[in-house]
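Subject: Structure handover

Hello,

Here is the structure for you to look at. My notes follow below it.

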Amino acid sequence: YDIMAVVANPATDFGQCLTSSQLDSLFAPSSAVVNWNQVGAGNADIPLSLYVPADNTTPFALLDSVVEGVGVRGDVNTLDSDSAIIDAVAATNGALGVVHLPAALATGDQVTLLDLNTTTAGCAAPSVENAVGRTYAAAYPFYVYVNSASLDAVKPLLDAAVSADAAATVDAQGFVAPTAAVYATDHDVLDTAETGRQFSKDVTEFSI
């Protein structure tokens with residue numbers, strides 16, 4: 001998975017779970033919000049500072065996918081690395097930043113990770129468990145599709161991709177490894193040569 005995290009200055013004790021409308025108020029191209037008290041009536045009177053990566057990065061694309069409109073507002077601060085964004089957020093009261101989840105997790109208490117409420121499931125923390133469960137929308141899953149008639153030829157590669165060492169390799173590249181349950185399903189699929197879309201099937205939600 002490639003997972004985006006929204007991080008806040010640790011002194012910001014409001015906006016800990018951002019709804020879709022709040023994300024639009026903060027980041028949408030049409031937004032004119034400049035203060036936290038414009039995002040929510042109970043928020044403090046603190047100027048808003050926004051830090052995002054370049055528009056050719058996956059965190060930016062993930063942010064764009066959960067914000068209304070094309071791209072983001074024009075007055076954001078664009079920085080060239082996760083570490084630069086985290087440093088800026090940590091040094092600026094009222095600041096928000098958008099980074100890769102592994103970079104955010106590696107900061108300790110330098111910044112605060114915010115939950116997102118952009119699905120019917122409610123507030124969800126940025127995590128691989130919530131990405132797998134589709135309750136955290138700001139995540140891209142990566143899939144491998146194999147011609148079933150050619151499975152024997154590529155099975156050694158696929159076995160390596162879901163081996164005990166695979167997670168460390170994935171994490172070292174800045175991505176987030178799947179859960180143990182996903183790896184177990186991968187093994188079952190390979191062992192039984194099961195066909196179909198075990199992970200990428202659409203989920204239809206409805207209420208009666």
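Is F142 buried or exposed? F142 is exposed, at a relative accessible area of 53%. Please keep in mind that this is a predicted model.

Aromatic pairs

Searching the whole structure gives two aromatic pairs. F142 belongs to one of them, with F175 as its partner. The geometry is edge-to-face: the centres are 5.3 Å apart and the planes make an angle of 75°. F142 sits in the loop between β8 (139–140) and α7, and F175 in the loop between α8 (166–172) and α9, so this pair ties together parts that are 33 residues apart in sequence. F175 counts as partly exposed, with 32% relative accessibility.

Y143 and Y145 also pair. Their ring centres are 6.2 Å apart and their planes meet at 65°, so this pair is edge-to-face. Y143 is partly exposed at 36% relative accessibility. Y145 is exposed, with a relative accessible area of 61%.

Helices α7 and α9

The crossing of α7 past α9 is left-handed.

Which residues of α7 and α9 meet? From α7 come L151, K155, L158, D159 and A161. From α9 come Y183, L190 and D191. Sorted by class, this contact of α7 with α9 has five nonpolar and three charged residues, and no polar ones.

P126

P126 is in the loop between β7 (115–117) and α6 (128–132). P126 counts as buried, at 8% relative accessibility. The cut-off for buried is under 20%.

What does P126 contact, leaving aside its neighbours within four places in sequence? The list is M4, A5, L101, L113, L114, D115 and Y136. Take A5 from that list. A5 and P126 are 121 residues apart along the chain, yet their C-alpha atoms are separated by 6.1 Å.

Backbone points to check

R134 is not a glycine, but its phi is positive, at about 65°. R134 lies in the loop between α6 and β8. Its relative accessible area is 38%, so R134 is partly exposed.

A193 also has a positive phi without being a glycine, with a value near 55°. A193 is in the segment after α9. A193 is partly exposed, with a relative accessible area of 43%.

The chain overall

How many helices and strands are in the chain? There are nine helices and eight strands. Along the principal axes, the C-alpha atoms fill a box of roughly 60 × 45 × 25 Å. The chain has 208 residues, and buried residues make up 38% of them. Consider contacts between residues at least 6 apart in sequence: 67% of these join residues at least 24 apart.

Best regards

Conventions
Residues numbered from 1 in each chain as written. Predicted model: local features only at pLDDT ≥ 70, side-chain atom pairs only at ≥ 80, totals over all residues. Heavy atoms only, no water. Left-handed = near helix turned anticlockwise from the far one by under 90°. Helix = DSSP H or I, 4+ residues; strand = E, 2+ residues; numbered from the N terminus. Contact = heavy atoms within 4.5 Å. Nonpolar A, V, L, I, M, F, W, Y, C, P; charged D, E, K, R; others polar. Phe/Tyr/Trp six-rings, centres within 6.5 Å; stacked < 30°, edge-to-face > 60°. Buried < 20%, exposed > 50% of the residue type's maximum accessible area, 1.4 Å probe, protein only.
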